[in-house]
Amino acid sequence: MITWGATVTGVTPLPDGRHRVSLADGAHHDADLVIACDGIRSHARSLVTGEQPTYSGITFIHGDLRDPGPGSFVARNTGEGILHALGDNKAILAQRAADRSVRVYFALRTPEDPARTLGDRFADTAAVRAHLRETFAGWSPDLLSALDEIDTDFAYWPLYGLPAHQHWQPHTGITLLGDAAHVMPPFGGQGVNMALLDAVELVHTLFSPQCTTIDEAIVVFEQAMLDRMAGAILDADAGGEMLLSPAGTAPLLDHFAAAAAAEAGQ
Ligand SMILES: Cc1cc2nc3c(=O)[nH]c(=O)nc-3n(C[C@H](O)[C@H](O)[C@H](O)COP(=O)(O)OP(=O)(O)OC[C@H]3O[C@@H](n4cnc5c(N)ncnc54)[C@H](O)[C@@H]3O)c2cc1C
């Protein structure tokens, strides 16, 4: 049964190995297995591992073109996929969404802003536009025209990640998946896919004849997930280094050249 709109206020271990999941409306559920998929700010994570995500050094400020017309340079060049415009430790990245809108990210290497948290919205959009025009001074006016076309608020999105090689002792009756287990910067475009794969693999493991108890399934699932995620996190971190580099486009062009050479040599 899915209970929409329920806010979990606490997960507490019980003496019999189960966990009590408490909700904001005062209800609680005592569960044989808690699957914590509560994202980057997971509270349940601390019941499983001492690791906490750290700031990657990269922040996105993003806004959307909700219904871009044919004259929009950024929308046209984003096409059905993505646009990457790279400079000195900065980038303008855009991505087409299923509803035809285009999300534009202004990406910066910058210290974390302690006054802001993930997802904060900027009420003063004029000030954000002016700040970004100044930060991206000298960039193509065609690209910067997106600043005038964005017709939503801007959001502040610092990027965080967990280490590629994580180890924790499996815990009775609780496991993690998705960003709660392995958040990474989005440069591999793998976060949602990995979260969905976690869910599928957890179900398969729970119903596998090789696992006769929930705890056995947790051990098998978590080991496979952590092994798989090590490569994905390393790729995501490398993607960030490549796209936001003091050398601008050079690392990405080198990467394409190496890939083309490898393909030609096959
Ligand atoms: C800028 C950016 C771009 C990205 N682009 C891509 C991409 O192109 N492709 C891709 O695959 N991935 C991408 N990702 C990554 C992707 O968004 C995440 O990896 C994915 O959303 C993780 O899913 P999740 O279910 O683990 O966590 P989330 O999507 O964060 O979901 C967690 C849910 O738990 C809920 N929750 C948290 N605490 C509580 C509580 N106490 N009670 C009740 N509910 C709670 C939250 O409200 C939320 O709905 C991107 C990420 C960022 C930041």
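**A tour from the domain contact to the ligand**

Start where the domains meet: 7 residues of domain 1 are in contact with 9 residues of domain 2. Two residues are in contact if their C-beta atoms, placed from the backbone, lie within 7 Å. On the side of domain 1 that touches domain 2, 6 residues are nonpolar, 1 is polar and none is charged. Here Ala, Val, Leu, Ile, Met, Phe, Trp, Tyr, Cys and Pro count as nonpolar, Asp, Glu, Lys and Arg as charged, and the others, Gly among them, as polar.

This is a predicted model: local features need pLDDT of at least 70, side-chain atom pairs count only at pLDDT 80 or more, and totals for chains, interfaces and linings use all residues. Residues are numbered from 1 along each chain as its sequence is written.

Now colour the domains. Select 8–53 + 170–243 for domain 1 and 54–160 for domain 2. These bounds come from an automatic or database domain assignment. The C-alpha centres of the two domains lie 30 Å apart.

Next, go to the ligand. It has 19 residues around it, and Gly-39, Gly-178, Pro-186, Gly-191 and Val-192 come nearest. A residue is near a molecule if its C-beta atom, placed from the backbone, lies within 6 Å of it. The shell has 9 nonpolar, 8 polar and 2 charged residues.

Select helix H4 (179–182) and helix H5 (191–206): each supplies at least two shell residues. Helices (H or I, at least four residues) are DSSP runs, numbered from the N terminus. Which helix gives the most to the shell? H5 does, with 4 residues.
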